[in-house]
Protein chains: 2
Amino acid sequence: MSKKDVRKVFLSEEDIPKRWYNVLADMPNKPEPYFSSRTNEVATPDELQAIFPMELIKQETSEERWIDIPDEVREMYKQWRPSPLYRAVGLEKLLDTPARIYYKYEGVNATGSHKLNTAIPQAYYNKKAGIKKLTTETGAGQWGSALSLACNHFGLECEVYMVKVSYGQKPYRRSFMKAFGANVIPSPSNLTECGRSILEKDPDSTGSLGIAISEAVEVAATNDDTNYALGSVLNHVCLHQTIIGLEAKKQLEVLDEYPDIVVACCGGGSNFAGIGFPFVKDKLDGTNIRLIAVEPTACPTLTKGVFAYDYGDTAKVGPIAKMYTLGHDFVPAGIHAGGLRYHGASPIVSQLYHDGIIEAQAVPQREVFDAALKFAKTEGIIPAPESAHAIRGAIIEALKCKESGESKVILFNLSGHGYFDMAAYDNYLNEKLVDIEYSDDLIKESMKNLPDIKK
Amino acid sequence: MSKKDVRKVFLSEEDIPKRWYNVLADMPNKPEPYFSSRTNEVATPDELQAIFPMELIKQETSEERWIDIPDEVREMYKQWRPSPLYRAVGLEKLLDTPARIYYKYEGVNATGSHKLNTAIPQAYYNKKAGIKKLTTETGAGQWGSALSLACNHFGLECEVYMVKVSYGQKPYRRSFMKAFGANVIPSPSNLTECGRSILEKDPDSTGSLGIAISEAVEVAATNDDTNYALGSVLNHVCLHQTIIGLEAKKQLEVLDEYPDIVVACCGGGSNFAGIGFPFVKDKLDGTNIRLIAVEPTACPTLTKGVFAYDYGDTAKVGPIAKMYTLGHDFVPAGIHAGGLRYHGASPIVSQLYHDGIIEAQAVPQREVFDAALKFAKTEGIIPAPESAHAIRGAIIEALKCKESGESKVILFNLSGHGYFDMAAYDNYLNEKLVDIEYSDDLIKESMKNLPDIKK
């Protein structure tokens, strides 16, 4: 069989990478340090230790290029990794493009997205540190599902603060987490000081991700045997996701291919980091490769935000980070790609973008759903609305190839499936979706309250 | 890596079987011929040709052992086939059994179940016969989804009559089919004579699978360029599914394994046929292997039905078949394993069961959901409620091994995932499910109206 006919590449379990790639080792400019929201000074490891285990704090700042994946984690990865790499022959044909389009499919595990890649090591390191319980927040439920499964595997309790409006609207995601033994609590709750103070002011509050984070962090910070876990943004989360790109590289090598363009959606940044970071060193070494982060016009953090210190969460309890941000008060429209509605972006992704090493592009949601359906019909997978941003990005590049006649190799990250997002497709098919774009003035307004950090 | 450590076996695209296995060639007693519901005589190919293409009618009665899979179908199979074979190491550990449990996972395609294995060839043969449109019925939506995708691929129109109550309750399955371009019609509709006559008597009718079949068959029978497609029961459907067992056999060979026990759930029978039929010849040749069909106690077709001629559908429009049946008037309780609520069973499966070549077992639904959650927690896949019957069957056998100390090899068919069935899990977790068992008297009552076939 010639490589032209190959539709997918599977690797064997032995090919699961033994080490994560740490892009911090190779960045010309490292990300700025975190500041404490309590002291307004550089955050100390001690402060972080109230909610994270030491091993993850070390990974957060390590400049070692390669970090060993523990055997217990690799063993668990074997449940679905190496994930498949597909050639999008159907989509190429539909677009009539000379480009060769490949996608890495991360939807083949129980929780249906790439989030499990970091949930497992986070649960593992916490378990090893003697922690009994992990808390987290969840909106759409993707991250909460992944952490529930990981905690169940390592015998940790899992407490998920789920934004109350989602708790009501997404009963199946809730059941999913419960199926894996998690305790799912509608937030705001009366279990935390923060939750009680919100409910006192507004007993009918439907909650927000900011409030849910505050509740989860509060429980972690005030209980010795309890830690907090975050599903994106932080360096160690991005690190764990690099297994995606490392595998994809190996799979393309099997076909004697190397990408000209790598595309991923970008919210907090771990999705993009996963497939993109392992190619950053090649680029810095002079390889001609473009790395493109695709975000929604409804939350254009990289393309319209500023590169500044800002709070990571609305309630200002977490660390302050130097990143691209729309301001912690920015509330994006309720688009269906819930995972891309974060006001900031990973400090590493931000620094790389600031330094011109990676590119960014914002796309409106109707184009995204159009791309998603083109992909579904030709490739037979319904993509998550978040992942569909990467598809749209890949299609834009593939159509450029059609114009120029170039046979470029495009690789994108299909980070999850859309089986839990059919309501979004329903709305699109019934023409209920509108495109959202914010004026520069409105965005400037939301950036008024950035913290005053003196370095 | 020793075979003991292997968690999954992938084959390459070249290993996709080139031929389906036709068990009719090896059965000591062939199934009895179909009768026409119109004439009460043996059905002629002409009568069948009103709704099926000649190629499928030939497959229905062919006694050739191997039937070539067309290149166009194999090409499409490559989108997800060969499907993975997993070793259930997590489940084995939980059960503390010396048995080695393997499962073939058919949930890795867009529609999430094995149904696509037959939807694709059915669409293909119809397209080749010059047909423009396929009609079908769907309850839960699994089959309708598969046929929608297949029709979209081969450029056929697809008209799905969806039981009205499901149309309202399962908007996401509906959107799924629409995403693939199908026309989804709540049944009873006023597009057919049958639908109109039902609505005349009962304008608020919520429909039934029997009515939906009648509508779909009526449209196919009265339009020259339109045919009908069925997702289970018939011989050619079972034939197409044998690709599951053929692949599983090869995958076990990679590990030097051969099953002592093969387990699958059984509704119409195509799921069981898929994994079980390729082992029937081995059994007839003297190999010591047990083939077990697991059905719900709420619809105990094989274990409590009779082996007799009966109508395939409530409205008595389709062919009459000799099969195990609970009577076409039998209305099973609304259990969540909607795909197992058929009053009859595949004529081939029925004949094999009657001849003692395969076994059958009925299990109550709470045991099934308990098994499903055990599996989800240890293997990381939420199974479809139908497939969970196979899991329950496998667990029963694995626990017997624990008692006896035997290291048997158990293979089961995980025919689909449960991402669209979280409501069922919700109900189970909230203790809303009850076990259903019917008295012999009640079942006898429903068998009063079997047709009077004189042979």
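Analyst: Let us begin with a definition: a helix here is a DSSP run of H or I with at least four residues, a strand is a run of E with at least two, and both are numbered from the N terminus. Please note also that the model is predicted. With that in mind, α18 of chain A covers residues 422-429, and α18(A) is followed by A:Glu431, whose phi is positive, near 55°.

User: Which residues of helix α18 of chain A are buried, and what do they pack against?

Analyst: A residue counts as buried when its relative accessible area is under 20%. In α18(A), A:Met422, A:Ala424, A:Tyr425, A:Asp426 and A:Tyr428 are the buried residues. They pack against α16 (365-379) and α17 (385-404) of chain A, together with α8 (171-179) of chain B.

User: Is B:Val233 buried or exposed?

Analyst: B:Val233 counts as buried, because its relative accessibility is 10%.

User: What is the omega of the peptide bond from B:Arg81 to B:Pro82?

Analyst: As a general idea, most peptide bonds are trans. The bond from B:Arg81 to B:Pro82 is cis, with omega near -10°; B:Pro82 lies in the loop between α3 (71-77) and β4 (85-87) of chain B. Another cis peptide bond joins B:Ser187 and B:Pro188, with omega about 10°. B:Pro188 is placed in the loop between β8 (183-187) and α9 (193-201) of chain B.

User: How do I read a sheet, and what is the order of the open sheet of 4 strands in chain A?

Analyst: Strands of a sheet pair through backbone hydrogen bonds, either parallel or antiparallel. In chain A the order is β8-β7-β6-β9, with parallel pairing. The edge strands, β8 (183-187) and β9 (226-228), each pair on one side only. From one strand to the next, the twist averages 25°. Within this sheet, β7 (residues 157-163) of chain A is joined to β8(A) by 5 bridges; A:Glu159, for example, has A:Asn183 as its bridge partner in β8(A).

User: Which strands of chain A does helix α10 lie across?

Analyst: Helix α10 (residues 209-221) of chain A lies across β6, β7, β8 and β9, running at about 170° to β6(A). Helix α8 (residues 171-179) of chain A lies across β6 (133-138), β7 and β8, at about 170° to β7(A).

User: Which partner does B:Arg100 have in β15(B)?

Analyst: B:Arg100 has B:Val409 as its bridge partner; β5 (residues 100-105) of chain B runs parallel to β15(B), joined by 6 bridges. Strand β10 (residues 261-265) of chain B pairs with β15(B) over 3 bridges, again in the parallel sense, and there B:Val263 has B:Phe412 as its partner.

Notes: Residues are numbered from 1 along each chain as its sequence is written. Chains are lettered from A and ligands numbered from 1 in the order in which they are written. This is a predicted model: local features need pLDDT of at least 70, side-chain atom pairs count only at pLDDT 80 or more; totals for chains, interfaces and linings use all residues. Side-chain values use heavy atoms; hydrogens and water are left out. Two strands pair if DSSP finds at least two bridges between them. Axes are lines fitted to C-alpha atoms, for helices over the stretch in contact, and angles run from 0 to 180 degrees between N-to-C directions. Contact means heavy atoms within 4.5 Å. Buried means under 20% relative accessible area, exposed over 50%, partly exposed in between (1.4 Å probe, protein chains only).
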